Amino acid sequence: MRVATRDLGPGADDPWGLPALRSRVAERLGAIGLPSRAEQIVITSGAQQGLSIAVGCWLRPGDRVIVDDPTYPGVLSAVLGAGARPIAVAVDRHGPVLAELEAALAARPALVYVQSGVHSPTGGRLSDHRRDRIAQLVVDHRVPLVEDHALFAVDWSGVRPPRPIAARVPDHPVAVVGSYSKRFWGGLRVGFVRAPEPVARRLARVKATHDLGSSAFSQLAALHLLDHRDHGRFVERRNRGLARRAELLHGLLAEHLPSWRSSVPDGGLSLWVQLPAPVAARFAEVALRHGVSVAPADGLTARPEHHRDRLRLSFARSEAELRKAVDRLAGAWAELSERG
Ligand SMILES: Cc1ncc(COP(=O)(O)O)c(C=O)c1O
């Protein structure tokens, strides 16, 4: 990729992002059933910044926010950082449990957050029916929605995901947050937010207070990768590798830690493991001493007492590392079990 700064054109140092990338993002969203215009797109430094600016746009200290439970830890830190209070709504394999969501809406939250890509950390996928219902509920309750689409491309189910929630309520304030770091490479740090134009203007203003604008070079790299003829093949190959490693980790756990429960997800980057006892936090400490970092649920939930037996284990490592890690986890588990 050869670039001269004069090729970047107007907008290269603008908080909205490179015009060519914004157009490409809009086209790509259109192709998955969310018709979009470049004016609705703000390029961000990763989906994490998209979440932070959406939270900064809509939340005031003391506000309540509906967050899925368990969830992606970065949304909890953004919500807590804004001085807001999360209300946890349980998720199952098909998304937020609707009865809990409806009950939580009675507390008059200022914002609802849901994931419509592969769910982190459970690996579930939001069903078409729940997308419809969530769309209806946020409109009825007049509450803005953050739709986290970050893990959209890390999906090897072979099943085309239903169209985003935002497409069902085109005039409603929905911020769709996406990630190209997840599609291509974590170090890229390029994502986007897509929203109705008045909301997008506010998001761009908040984004400018974070960093004035995302690196033009990273944005160009993202554009180049999106336009690359091997883009589709690259994503498929990467997902095949992840699927193999998810299978491998699941199989190794079944063999070496048979009292643990996990299932192989159709996407994502981690297994959501259930231990036979509520000792996940203590186990994580022992595992760290054995040289493996695992995440107990504490940072992934607004109600840790519901998940004391849960661990998130990443499988985005090499096969050799996964084998070594499971050996060490088995050693750590034996040590904890002996101590009682
Ligand atoms: C559900 C979810 N949302 C947002 C993010 C942040 O993505 P990015 O790396 O683009 O900042 C992640 C990262 O793992 C994620 O899993």
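Strand β7, spanning residues 174–179, is joined to β8 by 4 bridges, and the two strands run antiparallel. Within this pairing, V177 has V193 of β8 as its bridge partner. The model described here is predicted, and local features were considered at pLDDT of at least 70, side-chain atom pairs only at pLDDT 80 or more, whereas totals for chains, interfaces and linings take in all residues. Residue numbers start from 1 along each chain as its sequence is written. Strands (E, at least two residues) and helices (H or I, at least four residues) are DSSP runs numbered from the N terminus, and two strands are taken to pair if DSSP finds at least two bridges between them.

The loop between α6 and β8 (191–194) contains G187. This residue is exposed because 8 other C-beta atoms lie within 10 Å. The C-alpha atom of G187 is separated by 33 Å from that of W260, which lies 73 residues away along the chain.

Around the ligand there are 14 residues, of which G46, A47, Q48, A150 and S179 come nearest; a residue is counted as near a molecule or strand if its C-beta atom, placed from the backbone, lies within 6 Å of it. At least two residues of this shell are supplied by each of α2 (46–58) and α6 (180–183), and the greatest contribution is that of α2, with 3 residues. By class, the shell comprises 4 nonpolar, 8 polar and 2 charged residues, where Ala, Val, Leu, Ile, Met, Phe, Trp, Tyr, Cys and Pro count as nonpolar, Asp, Glu, Lys and Arg as charged, and the others, Gly among them, as polar.

An open sheet of 3 strands is also present, in the order β9-β11-β10 and with antiparallel pairing. Its edge strands are β9 (270–274) and β10 (295–296), each of which pairs on one side only. Strand β10 is joined to β11 (residues 310–314) by 2 bridges, the two strands running antiparallel, and the bridge partner of A295 in β11 is R312.

Key: Buried ≥ 20, exposed ≤ 12 C-beta atoms within 10 Å, placed from the backbone.
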